[in-house]
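This report examines selected side-chain arrangements in the structure shown below.

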Amino acid sequence: MKMDKEDLEGFATDSDTDIECLQIAPLGAGKAAILFLLSDADYVTTVSVIFIVDDFNPKTARGFLVTSEWLMSLSAAPSGELFALEATTWIWRNADANWTRDKVSEKSLRQVWAEDSGGPIAVGTDGVAYRWAGSRWQPIAPLGSNEYLDVHGHPKHGIYACGEMGTIHQLVGTGWRALDVHRHDRFRGIDIAPDGKIRVAGDDGVCLRIADEEVTQIEAAADMTYLAVRNFKGKTYWGDEAGVNIEVAGALEPFEDTGIASDLRSDGEFLYVAGIDTAWRFDGSKWKTLTLVYDEGLRLT
């Protein structure tokens, strides 16, 4: 549905409209792209908004994209190109200030991750995965039919995807290799740390650390769904339905109440957290926040 300014104002200010911060894509040098979604309860009507901001200063924020399509994931490549996943089979690409939109998959995708120099990767249901090869998306040979929910990697240690039924797969060449952790949990988030340790966050308080294929259960702060995990400046942070936790001596301790921490990203300089309607940035000592509001237009405060 196309919206004019009057329609957008009515939708954005409707008490039944939810505003979500979905993902933050670090762009380097303190710059970031932030994806917000406005939606009704059934996601029938949606507005996706991407802002570019410098140093998390709202005065620098500029609306980079506003669309009635439902964008659900955002990531930036080392080149600065942005890749956004539209629910659930299209991927948008921004290069040279122009957006293109490609139908990538017949099956639903769940995440796009573009930080690897070898090219962005998109993963989704039934074990489907695709990699951007400079001019088109090429399928990665599936290994099983379990759904992937997240993908992450490190230049020294490779790229891994996680998902349903304890799935953790490492990308090897043009295919996957299974890492068998003898679990059947639903893994929602994965992190590959600079030291090579793999961590996965999942349902029912499942938080695992894997080193040399040895699996250690991290004691969760609560028996809830853990949505994301990220290493930042030598420490590990876990996102759940209430906020951010920090890993200390094999257990999680509450760290910051962000309402929810549905996604965690880092560029090494900052940790970025997707809260409810607010984007959070942590520099190791203090937080900055940006909240989406409607004030004669969509703005960050």
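## Polar contacts of Gln111

The side chains of Gln111 and Gln23 make a polar contact of 3.1 Å (a pair of N or O atoms within 3.5 Å; within protein, one must be able to donate a hydrogen and the other to accept it, and residues adjacent in sequence count only if both atoms are side-chain atoms). A polar contact also joins the side chain of Gln111 to that of Ser73, at 2.5 Å. Gln111 is buried, its relative accessible area being 9% (buried is under 20%, exposed over 50%, partly exposed in between, with a 1.4 Å probe and protein chains only).

## Basis of the model

The model is predicted; local features need pLDDT of at least 70, side-chain atom pairs count only at pLDDT 80 or more, and totals for chains, interfaces and linings use all residues. Residues are numbered from 1 along each chain as its sequence is written, and side-chain values use heavy atoms, leaving out hydrogens and water.

## Aromatic rings

The whole structure contains 17 aromatic pairs (rings of Phe, Tyr and Trp, the last by its six-membered ring, with centres within 6.5 Å; planes under 30 degrees apart are stacked, over 60 edge-to-face, the rest tilted). Tyr43 and Trp70 form a stacked pair, with 4.7 Å centre to centre and 15° between the planes. These two residues are 27 residues apart, and their pair links distant parts of the chain. Tyr43 is partly exposed, at 31% relative accessible area, and Trp70 is partly exposed, at 30%.

Ring pairs also link Phe232, Tyr237, Phe255, Trp280, Phe282 and Trp287 into a cluster.

Note on methods: Helix = DSSP H or I, 4+ residues; strand = E, 2+ residues; numbered from the N terminus.
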